[in-house]
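Hello,

Please find the structure below. My notes on it follow, sorted by topic.

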Amino acid sequence: MAAWRVVAPGPVAGHPLELGRETVPEPGPGELLVKVLACGVCRTDLHVTEGDLPVHRSRVIPGHEVVGEVAALGDSVSGTFAVGDRAGIAWLRHTCGHCAACLRGSENLCRQSQYTGWDADGGYAEFATVPADYALHLPDGYTDTELAPLLCAGIIGYRALERAAVPDGGALGLYGFGGSAHLTAQVASIRGARVHVMTRGAEARELAQRLGAASVQGVRDVPPEPLDSAILFAPVGDLVPVAMEALADGGTLAVAGIHLSDIPALEYQRHLFRERQIRSVTANTRSDSVEFLRIAAEHRLSIDTHPYPLARADRALCDLAGGKFSGAAVLEP
């Protein structure tokens with residue numbers, strides 16, 4: 001099969017990825033072998049490739065927004081999936097199941113958790129494996145290319161929306177408007193929130209307007225009303241004070257990224273007093289995935305995708321780093 005590996009983490013312009021030919025993996029006990037039909041290009045892939053995240057698996061194959069067809073079953077796989085079924089592979093790949101976090105339903109905080117495209121090979125390839133217990137059933141009504149961004153951009157956006165604790169009918173601010181934010185905005189609107197978008201790119205602003213945002217402005221501009229909640233999608237720590245200052249009394253900022261540049265000093269009275277708070281977002285639980293995909297099945301989401309052939313995965317990451325598109329890039333083998 002064709003597969004991309006991170007051979008030397010560093011800036012994407014320096015070609016840290018290498019495309020090669022290798023043997024199709026065998027599914028282990030409890031695993032599915034999936035033929036990749038589409039794989040989303042996530043900003044986390046960029047962090048893994050550029051070395052912003054520490055190496056967990058040397059020469060890893062990135063990619064964790066995988067839509068595929070089950071090609072083979074490993075030993076001890078239950079009847080949940082059969083050969084020929086469509087299956088999704090997402091970021092969360094393994095948790096221990098018995099630590100305090102797992103037992104209270106916070107498996108995203110399991111210290112033994114493992115992740116696709118970081119701890120194990122992912123979907124920048126023609127085949128990938130996944131533990132059957134962590135594979136996802138996918139909603140009907142979407143193409144393979146449309147489904148791919150749902151499997152991280154959508155799920156993490158949903159988790160961030162939950163962490164942001166938007167009150168009924170409240171005002172939500174989104175800082176950055178890429179693959180995750182444009183899906184989160186739609187879910188928030190379905191729930192009755194007024195969505196204000198702060199982003200830098202003209203194309204992203206146009207997308208936000210098409211999706212019905214209540215207002216669209218520059219990334220450092222003041223929204224037209226105090227925000228009950230905000231989500232920071234851009235991995236830019238300098239925007240934390242900006243977002244905090246835009247919050248209403250008692251407002252919550254959720255920081256959605258797995259990586260963030262340094263946050264400058266906050267002023268207590270200006271940014272935090274009046275019970276404003278900051279929450280981080282760490283991965284997601286499987287129940288988050290199921291709930292978000294249920295919403296996607298019940299409400300047809302508009303998904304802005306930019307297809308690239310698998311052979312141009314390096315170009316897709318470069319374009320993502322350079323902000324060359326709004327929405328989400330998707331690799332098609």
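**The two domains**

About 2,100 Å² of area is buried between domain 1 and domain 2, and carbon and sulfur atoms give 68% of it. On the domain 1 side, Asp288, Phe292 and Ser326 lose the most area to domain 2, together 22% of what that side buries. Please keep in mind that this is a predicted model.

According to the domain assignment, domain 1 covers 2-151 + 284-331 and domain 2 covers 155-280. Domain 1 is therefore written as two stretches of sequence, with domain 2 numbered between them. The C-alpha centres of the two domains are 26 Å apart. Contact between them involves 31 residues of domain 1 and 20 residues of domain 2.

How many salt bridges are there between domain 1 and domain 2? The count is 1. Arginine 159 and aspartate 288 also form a salt bridge, with their closest N and O atoms 2.9 Å apart.

**Helix α8**

Helix α8 runs over residues 286-298. Its 13 residues should span 18 Å at 1.5 Å a residue, and the end C-alpha atoms are 19 Å apart, which agrees.

Which residues of α8 are buried? They are Asp288, Ser289, Phe292, Leu293, Ile295 and Ala296. These residues cover an arc of only 150° around the axis, so they sit on the same side of α8. On the other side of the helix, Val290, Ala297 and Glu298 are exposed. As background, an α-helix has 3.6 residues a turn, so residues three or four places apart point the same way. The buried residues of α8 are covered by parts that include α3 (144-164) and α4 (181-190).

Arginine 294 is partly exposed at 35% relative accessibility, while glutamate 298 is exposed, with a relative accessible area of 51%. The cut-off for exposed is over 50%.

Threonine 184 is placed in helix α4. Is threonine 184 buried or exposed? Its relative accessible area is 2%, so threonine 184 counts as buried. Apart from neighbours within four places in sequence, threonine 184 is in contact with Gly157, Tyr158, Leu161, Ile231 and Phe233.

**Other salt bridges**

Side chains of opposite charge can pair when their charged atoms come close. The count for the model comes to 17 salt bridges.

One of them joins the side chains of glutamate 126 and arginine 21, at 3.8 Å from N to O. This pair links distant parts of the chain, 105 residues apart: glutamate 126 is in the loop between β7 (114-115) and β8 (127-131), and arginine 21 is in strand β2. Glutamate 126 is partly exposed at 26% relative accessibility, whereas arginine 21 is exposed, with a relative accessible area of 65%.

Another salt bridge is formed by aspartate 144 and arginine 86, with the closest N and O atoms 3.2 Å apart. Aspartate 144 lies in helix α3 and arginine 86 in strand β5 (residues 86-89), so the pair ties together parts that are 58 residues apart in sequence. Aspartate 144 is partly exposed, with a relative accessible area of 24%, and arginine 86 counts as partly exposed at 26% relative accessibility.

There is also a network of salt bridges that links Arg5, Glu22, Arg57 and Asp121.

Most residues other than glycine have a negative phi. Where is histidine 15 found? Histidine 15 is in the loop between β1 (2-6) and β2 (17-21). Its phi is near 60°, a positive value in a residue other than glycine. Histidine 15 is exposed, with a relative accessible area of 59%.

Arginine 59 likewise has a positive phi, near 60°. This residue lies in the loop between α1 (43-50) and β4 (66-73). At 40% relative accessibility, arginine 59 is partly exposed.

Regards

Methods
Residues numbered from 1 in each chain as written. Predicted model: local features only at pLDDT ≥ 70, side-chain atom pairs only at ≥ 80, totals over all residues. Heavy atoms only, no water. Helix = DSSP H or I, 4+ residues; strand = E, 2+ residues; numbered from the N terminus. Expected span 1.5 Å × (residues − 1). Buried < 20%, exposed > 50% of the residue type's maximum accessible area, 1.4 Å probe, protein only. Arc of directions from axis to C-beta. Contact = heavy atoms within 4.5 Å. Buried area = accessible area lost by both parts, 1.4 Å probe. Salt bridge = Lys/Arg side-chain N within 4 Å of Asp/Glu carboxyl O.
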